[in-house]
Amino acid sequence: MTCSRRDFMKQSLGALAAATPACAVVLLTQEDARAAVGDSKVRWAFLVDTEKCVGCGLCVSACKTENETPYDAPVTRTWVERYVVTKDGETHIDSPLGGRDGFIDDKIRDQTIEPDDIAKAFFVPKLCNQCENPPCVQVCPVGATYQTNDGVVLVDRTWCIGCGYCIMACPYGVRFFHPVHKTAEKCNFCYHRITQGMEPACVQACPFEARKLGDLRDPEDPVTKVISNERVAVLKDEYGTKPHVFYLGLDEKVR
Amino acid sequence: MYKHVLRPLWVALAVIAVVLVARQFMVPADFGVHGKTFTYGFYRLGNVEEWKAFPVKYQGQSRCAKCHTENSAEIAGSKHANIECENCHGPGVNHPKQVKKLPINGSRDLCLRCHQFLPYPGSLRSELPGIDGAKHMRRSECRKCHNPHHPDLEDM
């Protein structure tokens with residue numbers, strides 16, 4: 001039996017075409033293809049301008065009310081830290097009640113610092129970094145915490161068993177145990193607000209525009225423009241978590 | 001092989017079978033890998049919608065302005081224009097239907113959040129008009145003299 005190269009190719013292609021059912025070929029639109037690999041049109045990112053923060057703490061009280069975090073419990077999804085660096089090189093840090101009631105006293109941990117001794121002082125708001133590689137999600141043994149396609153890390157309250165691994169895993173100390181639901185709790189950029197076009201409660205409450213939310217996939221977004229064109233920093237970059245809360249004017253004393 | 005060797009094996013297999021059957025009924029159908037990877041995207045899909053349905057409390061200045069035109073016009077022309085109504089008046093959820101009147105926080109401590117002077121070089125806080133809360137008119141609320149909607153010292 002002889003078979004020319006041409007015949008061989010013809011017959012192979014014919015057999016292949018016959019063996020492939022029509023349903024095996026699907027033409028994906030760009031959106032379908034994105035959805036199939038879990039990609040989204042949006043990637044939320046946060047921008048904190050520490051130069052603008054005055055430590056009023058209105059963001060913290062708004063967050064607690066909006067997200068039903070018990071107001072008097074010593075836990076909060078976002079908080080504001082005060083840093084006072086004295087001329088002798090010492091750093092004094094405090095955050096009474098997470099800055100819920102602002103900073104209306106110049107005493108830090110019952111210690112009065114003379115104005116003349118202060119080299120620099122500033123306020124740093126903190127919240128969940130919605131990391132690209134969230135260590136808190138990796139350690140969850142039951143799949144109760146996860147990253148949505150738009151980059152926000154959520155906690156499934158009905159699924160969480162309250163083991164606390166994620167609370168230990170977060171290098172930023174953002175997670176805590178919810179005193180009422182008895183599950184892990186964290187900032188989720190006010191997911192219920194941002195998914196319907198509103199700002200997070202803390203962003204809305206800030207009178208100084210020190211906190212902003214943006215979409216990294218939109219090159220025209222003012223926040224995206226700042227993050228890509230200006231000098232921004234993230235917290236604990238060395239952990240490789242790829243945080244998505246970016247800071248303007250971040251001091252090296254901030255941990 | 002001896003029976004006593006095989007018996008634990010049957011028990012183990014039965015336990016595994018029970019677990020697998022129970023799993024079919026107890027794990028919701030939408031639980032699985034939904035994101036890019038198993039590591040970050042192994043979850044119950046329905047929970048995303050649950051979070052989206054979480055009730056919104058703070059409505060925003062623009063909603064207040066729809067009815068309270070006079071107050072919102074006054075504050076819009078003042079130095080307090082950037083302060084959300086709900087920062088002092090409380091969240092406007094269910095207002096005015098269920099919650100007829102919103103509580104007003106007129107406490108000194110609310111004003112002092114910004115206006116307690118702190119001697120912090122390089123911080124915007126030290127540039128705001130500030131007082132020493134322990135000395136300035138200690139016993140009265142700020143709003144007795146100052147109009148929070150129009151906080152101009154010259155127009156007092």
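# Exercises on a two-chain model

Chain B has seven helices and two strands. Helices (H or I, at least four residues) and strands (E, at least two) are DSSP runs, numbered from the N terminus. This is a predicted model: local features need pLDDT of at least 70, side-chain atom pairs count only at pLDDT 80 or more, and totals for chains, interfaces and linings use all residues. Residues are numbered from 1 along each chain as its sequence is written, and chains are lettered from A and ligands numbered from 1 in the order in which they are written.

## Exercise 1: order of elements

State the pattern that chain B follows along the sequence.

Solution. The pattern is α-β-α-β-α-α-α-α-α. Now turn to chain A. Its secondary structure comes to eight helices and 13 strands.

## Exercise 2: overall dimensions

Solution. Step one: take the rule. The radius is taken over C-alpha atoms, and the globule rule is 2.2 Å times the number of residues to the power 0.38. Step two: apply it. Step three: check the spans. The C-alpha trace of chain B covers about 100 × 40 × 35 Å along its principal axes. Step four: look at the domains. Chain B is divided into domain 1 (3-52) and domain 2 (61-144); such bounds come from an automatic or database domain assignment. Their C-alpha centres lie 52 Å apart.

A compact globule of 255 residues would have a radius near 18 Å, but chain A has 25 Å.

## Exercise 3: burial and contacts

Solution. A residue is buried if 20 or more other C-beta atoms lie within 10 Å of its own, exposed if 12 or fewer, and partly exposed in between; C-beta atoms are placed from the backbone.

Next, take contacts (C-beta atoms, placed from the backbone, within 7 Å). Count those between residues at least 6 apart in sequence. In chain B, 41% join residues at least 24 apart. In chain A, 63% do.

## Exercise 4: one enclosed helix

Explain why helix α7 (residues 108-115) of chain B is largely enclosed.

Solution. Six of its eight residues are buried, so the rest of the structure largely encloses α7(B). Among them are B:Leu110, B:Cys111 and B:His115. The buried residues of α7(B) pack against α3 (58-66) of chain A and α6 (85-89) of chain B.

How values were computed
Two residues are in contact if their C-beta atoms, placed from the backbone, lie within 7 Å.
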